[in-house]
Amino acid sequence: MTAIDDLEDARQDLESLLLDVLNSTLGEEAFTTDEPLPPGPIATSRLSIHDEVEDAYLGIEVRVGAVLARLLASKMMAAGDPTPDDLLDAVGELGNIVGGNVKTLLYHTARLSLPMADLNAEIGQESEEDLHGSLRIAASAFGQTAQVTLTPDAPVDGLYWPPSQEDEALEKQL
Amino acid sequence: MKILVADDSKAMRMIVARTLRQAGFSGHEIVEAEDGAQALELVGEEEPDLVLSDWNMPEMTGIDFLHSLRRSGNEVPFCFVTSEGSEEMRETAEEAGAMGLITKPFTAERFSEVLSPVVRS
């Protein structure tokens, strides 16, 4: 269930999912949008779903601007002045919630990586060709855009997968 | 009551503690753990009355944490609070001895519904 056509078929459900997550975490009604991310630093949360049946990966990247990252951390942690670590934690957890819900929506037997967050991701100009083969959805809350990009077969370098005792038992046998 | 909250996100641990209060479960002592391995240690030291645990965590996952608890004979009420909520995971959680699974994002009403049997208001 990682072909781009399958993702397109699920676009509406994925948009609803993003709105639900933003509504809940920000306590503010979110709307779908075509607006781009604001200029300036972009915070990202990157993770992946491993489809264990097809042995295929689906990359998930959540992007928000600095203002929304700050609002998110303030709301989630009830903190007036969140630290950079608070921002990383909040943006990472936003990715985790989106990723977990995407996994529940699209897969039966799959593993979700832990999120990897970055507060100053280098995001260059993207052409339509760059997004070929990916599905991007976006929503706005407090006038700030959040983007989610789903990419079949995206690289999984640097991602950390939760350990499992089954893995350890297998390693001991080898 | 003493409630152990295990999640690798500090933000989520704070949200869980806040949602407990919003659900009417105030005045309980909250103990926090950053992963399943730390949570397992804290269960021995703190003897909580309830465990609320994420599933996907570094060092030790929530399901391995629950299996370890039950293998050691510890029957503390255990509920998952996780971003994933497939039927397969719910069945796995139930078979392992969890009382329920609350998916993120959640509401105070959902906390009340699932946790009322074991938490005093």
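Which helix of chain A does Gly92(A) lie in? Gly92(A) belongs to helix α4 of chain A, and that helix is a handy place to start a walk through this predicted model.

Gly92(A) has 25 C-beta neighbours inside 10 Å, so it counts as buried. Setting aside neighbours within four places in sequence, its contacts are Ser45(A), Pro115(A), Ala117(A) and, from the other chain, Ser9(B). Ser164(A), on the other hand, sits 72 residues away along the chain, and the two C-alpha atoms are 21 Å apart.

How does α4(A) meet α2(A)? The two axes come within 10 Å and cross at roughly 145°, and the crossing is right-handed. On the α2(A) side, the contact uses Asp13(A), Leu14(A), Leu17(A), Leu18(A), Val21(A) and Thr25(A). Facing them from α4(A) are Leu94(A), Ile97(A), Val98(A), Asn101(A), Val102(A) and Leu105(A). Sorted by class, the residues of this helix contact are nine nonpolar, two polar and one charged.

**Where the chains meet**

Now for the two chains together. The contact between them involves 28 residues of chain A and 22 residues of chain B. On the chain A side, the elements giving two or more residues are α2 (11-26), α3 (66-77) and α4 (84-106). The largest share, 11 residues, again belongs to α4(A). By class, this side of chain A has 12 nonpolar, 12 polar and four charged residues.

**The sheet of chain B**

Chain B holds an open sheet of five strands in the order β2-β1-β3-β4-β5, with parallel pairing. Which strands stand at the edges? They are β2 and β5 (100-103) of chain B, each with a single partner strand, so one side of each has no neighbour in the sheet. Direction ignored, neighbouring strands of this sheet are turned by 20° against each other on average.

Helix α1 (residues 10-22) of chain B packs on this sheet, touching β1, β2, β3 (50-53) and β4 of chain B. Its direction makes about 145° with that of β1(B).

Looking at the strands one by one, β1 (residues 2-6) of chain B has four of its five residues buried, so it is largely enclosed by the rest of the structure. Five bridges join β1(B) to β2 (residues 29-33) of chain B, and the two run parallel. Within that pairing, Ile3(B) has Ile30(B) in β2(B) as its bridge partner.

Most residues other than glycine have a negative phi, and most peptide bonds are trans. Here are a few places that go the other way.

| Site | Backbone value |
|---|---|
| Asp153(A) | positive phi, about 60° |
| Glu59(B) | positive phi, near 70° |
| Lys104(B) to Pro105(B) | cis, omega near -5° |

Where do they sit? Asp153(A) is in the loop between β7 (144-152) and α5 (165-173) of chain A. With 12 C-beta neighbours inside 10 Å, Asp153(A) counts as exposed. Glu59(B) is found in the loop between β3 and α3 (62-71) of chain B, and its 16 C-beta neighbours inside 10 Å make it partly exposed. As for Pro105(B), its loop runs between β5 and α5 (108-115) of chain B.

Methods
Residues are numbered from 1 along each chain as its sequence is written. Chains are lettered from A and ligands numbered from 1 in the order in which they are written. This is a predicted model: local features need pLDDT of at least 70, side-chain atom pairs count only at pLDDT 80 or more; totals for chains, interfaces and linings use all residues. Two residues are in contact if their C-beta atoms, placed from the backbone, lie within 7 Å. Ala, Val, Leu, Ile, Met, Phe, Trp, Tyr, Cys and Pro count as nonpolar, Asp, Glu, Lys and Arg as charged, and the others, Gly among them, as polar. Axes are lines fitted to C-alpha atoms, for helices over the stretch in contact, and angles run from 0 to 180 degrees between N-to-C directions. A crossing is left-handed if the near helix is turned anticlockwise from the far one by less than a right angle, and right-handed if clockwise. A residue is buried if 20 or more other C-beta atoms lie within 10 Å of its own, exposed if 12 or fewer, and partly exposed in between; C-beta atoms are placed from the backbone. Two strands pair if DSSP finds at least two bridges between them.
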